[in-house]
Amino acid sequence: MEYATRTIYSEYAALKTTLGIIEVKKKWPRDPLTDQSDRLLIVIEAKEEPFWTVKHYQVGQEKIILHLVSDSMMDRWILMNENRRAIHWIEDGMVLFERNTFLLDLRQRLRNFSNDEQRLQLSLAFAKLLRRFEDGRSLFLQEEHQDAFTQIHHALTHLARLSVLEAGIHPEIVLWKQVRTLDLEIYKLHEELVSGQESLEQRIHLVIIGIEHLIQSKVLPGTLLLLQTMQQRDEPWPFSELMEHPNLQALKVDLGSIVGFLVRKGYVRSVARPTKGVGVEAIAYEIA
């Protein structure tokens, strides 16, 4: 079997563009970390453009899945947290091939956040927290309790991720195991929502109150990237210019939620500017 596996990845090890090859073996039947296969091979290649493709193989009774992924895509998975399984692949996988110290450096990067990476991930988690919380609260007020539950549960998950990220750790697939150790208050809110003895309506209401309280403690870490960007100049920012700023590209979808929240809470103020249209003013934003 080892020989057959080597046959699959050896052609990639011979390529100058290959930076590293990792093998992950399943730990239990239908293991999601290995795409429910017996073995997973991850080949990381040096390519400027994000690239990812998957190939399936059968060797005897074993199913082997090969992921071909560019280093730029792997960076995106880590930075944007788009594929949390990749964290486990890198941390727990067996190194089959490595060019220079690529995989060693990648593992060190996972264990030691750079300030820029941490600020971006905190901002992304905070933006998603706000969006889900606002949607959930709105649905709750409309007495759509089943849908409100879904949104509030998602909001709690993003709140939990924020807490883990604040500790300088990447959130994992076993998120609530991490949170139980790092932030018991959030963990208990989750327990209340999913297994409390009150009615569904009462549980959602209690958790909404709890999240509202906890959001206040996450404002600075969750909005630091935006506020630091706004401090780069003295002039107020039209919203369109904030959207196009290189630092904020990853936040485009939820940027309106963050800015609106900061205005309501008094961290940012809106500034009206006259336009050519009679009675029409353009709105820009500055730090209060």
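1. Of the 288 residues in the chain, 44% count as buried. The model is a predicted one. Its secondary structure comprises eleven helices and eight strands. The C-alpha trace spans about 75 × 55 × 30 Å along the principal axes of the chain. Among contacts with a separation of 6 or more, 58% are between residues 24 or more positions apart.

2. Strand E1, formed by residues 18-25, is mostly covered, with seven of its eight residues buried. E1 is joined to strand E2 (residues 39-45) by seven bridges, and these two strands run antiparallel. Within this pairing, Thr18 has Glu45 of E2 as its bridge partner. E1 is also joined to strand E5 (residues 94-98), here by four bridges and again in an antiparallel arrangement. In that pairing, Glu23 is placed opposite Met94 of E5.

3. Trp237 stands opposite Tyr285, a residue of E8.

4. How do helices H3 and H4 pack, and at what angle? The axes of H3 and H4 (residues 102-111) lie 9 Å apart, and the angle between the helices is about 125°. H3 is therefore oblique to H4. The crossing in which H3 passes H4 is left-handed. On the H3 side the contact is made by Ile87, Ile90 and Glu91, and on the H4 side by Leu106, Arg107, Leu110 and Arg111. Sorted by class, the residues of this contact are four nonpolar and three charged, with no polar ones.

5. Where does Met80 lie? Met80 is in the loop that runs between helix H2 (71-79) and helix H3 (85-92). Its relative accessibility is 22%, and Met80 therefore counts as partly exposed, given that buried means under 20%. Apart from neighbours within four places in sequence, the residues in contact with Met80 are Asp75, Leu120, Leu124 and Ala250. Of the pair Met80 and Ala250, it may be noted that they are 170 residues apart in sequence, while their C-alpha atoms are 7.9 Å apart in space.

6. Is Ser123 buried or exposed? Ser123 belongs to helix H5, which covers residues 115-141. Its relative accessible area is 1%, so Ser123 is buried. When residues up to four places away in sequence are not counted, Ser123 touches Gly222, Leu225, Leu251 and Ile258.

7. E1 is bridged both to E2 and to E5, and E1 is mostly covered.

How values were computed
Residues numbered from 1 in each chain as written. Predicted model: local features only at pLDDT ≥ 70, side-chain atom pairs only at ≥ 80, totals over all residues. Heavy atoms only, no water. Buried < 20%, exposed > 50% of the residue type's maximum accessible area, 1.4 Å probe, protein only. Contact = heavy atoms within 4.5 Å. Axes fitted to C-alpha atoms, helices over the stretch in contact; angles between N-to-C directions. Parallel < 35°, antiparallel > 145°, perpendicular 65-115°, else oblique. Left-handed = near helix turned anticlockwise from the far one by under 90°. Nonpolar A, V, L, I, M, F, W, Y, C, P; charged D, E, K, R; others polar. Pairing = 2+ DSSP bridges.
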